[in-house]
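Visitor: I would like to learn how to read the features of a structure such as this one, step by step. Could you take me through them, giving the general idea and then the case at hand?

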Amino acid sequence: MFNASDDEMKEVIKKVKDELECLNKMQASVNRFIDKAVPYKLLEGTKDYESEYLKLMLKQSRIMGDYKSILQQRLNLLEKAIKA
């Protein structure tokens, strides 16, 4: 991949940036849900399935954060490669 032309590298960089932007939007949506659900859970109490769903949403948010970090690292390496 690093033997690719500058245009090919720029296309890969664009795709990684697009993926990162999409992931940011998805994580923001998940976090909005969590922000609304957590106070409800603390104040009202929840049924077992609701609690389990919230746990999954929290797990998803953490995984998305990890994945965003990986994408950012990939993006940084690609940008360094194109400048070299």
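This is a predicted model: local features need pLDDT of at least 70, side-chain atom pairs count only at pLDDT 80 or more; totals for chains, interfaces and linings use all residues.

Visitor: Which secondary structure does the protein chain have?

Guide: Helices (H or I, at least four residues) and strands (E, at least two) are taken as DSSP runs, numbered from the N terminus. By that reading, the protein chain has two helices and zero strands.

Visitor: What span should α2 have, and how far apart are its end C-alpha atoms?

Guide: The expected span of a helix is 1.5 Å times one less than its number of residues. For the 36 residues of α2 this should come to 52 Å, and the end C-alpha atoms lie 53 Å apart, which agrees.

Visitor: How much of the protein chain counts as buried?

Guide: Buried means under 20% relative accessible area, exposed over 50%, and partly exposed in between, with a 1.4 Å probe and protein chains only. Of the 84 residues in the protein chain, 21% count as buried. Accessible areas come from the Shrake-Rupley method with a 1.4 Å probe, and for residues only the protein chains shown count as cover; the protein chain exposes about 6,500 Å², of which carbon and sulfur atoms supply 55%.

Visitor: Which residues have the most contacts inside the largest nonpolar core?

Guide: A nonpolar core is a set of buried Ala, Val, Leu, Ile, Met, Phe, Trp, Tyr and Cys residues joined through side-chain atoms within 4.5 Å. The largest one has 15 residues, and those with the most contacts inside it are Ile13, Val16, Val30, Ile34, Leu71, Leu75 and Leu78. The elements giving two or more residues to this core are α1 (6–44) and α2, and its largest share, eight residues, comes from α1.

Visitor: Which residues of α2 are buried?

Guide: The buried residues of α2 are Ser51, Leu54, Met57, Ser61, Met64, Leu71, Leu75, Leu78 and Ile82. Ser61 is buried because its relative accessible area is 12%, and, leaving aside residues up to four places away in sequence, Ser61 touches Gln27, Val30, Asn31 and Ile34.

Visitor: Where do Asp18 and Lys14 lie?

Guide: An α-helix has 3.6 residues a turn, so residues three or four places apart point the same way. Asp18 and Lys14 both lie in helix α1, four residues apart, or about one turn of the helix, and the closest N and O atoms of their salt bridge are 2.9 Å apart. Lys25 and Glu21 are likewise both in helix α1 and four residues apart, with 3.5 Å between the closest N and O atoms of their salt bridge. Lys25 is exposed, with a relative accessible area of 54%, whereas Glu21 is partly exposed at 43%.

Visitor: How many aromatic pairs are there?

Guide: A pair of aromatic rings is described by the distance of the centres and the angle of the planes. Rings of Phe, Tyr and Trp (its six-membered ring) pair if their centres lie within 6.5 Å, and planes under 30 degrees apart count as stacked, over 60 as edge-to-face and the rest as tilted. By this rule there is one aromatic pair: the rings of Phe33 and Tyr53 have their centres 5.6 Å apart and their planes at 80°, so the pair is edge-to-face. Phe33 lies in helix α1 and Tyr53 in helix α2, so the pair ties together parts that are 20 residues apart in sequence.

Conventions: Residues are numbered from 1 along each chain as its sequence is written. Side-chain values use heavy atoms; hydrogens and water are left out. A salt bridge is a side-chain nitrogen of Lys or Arg within 4 Å of a carboxyl oxygen of Asp or Glu. Contact means heavy atoms within 4.5 Å.
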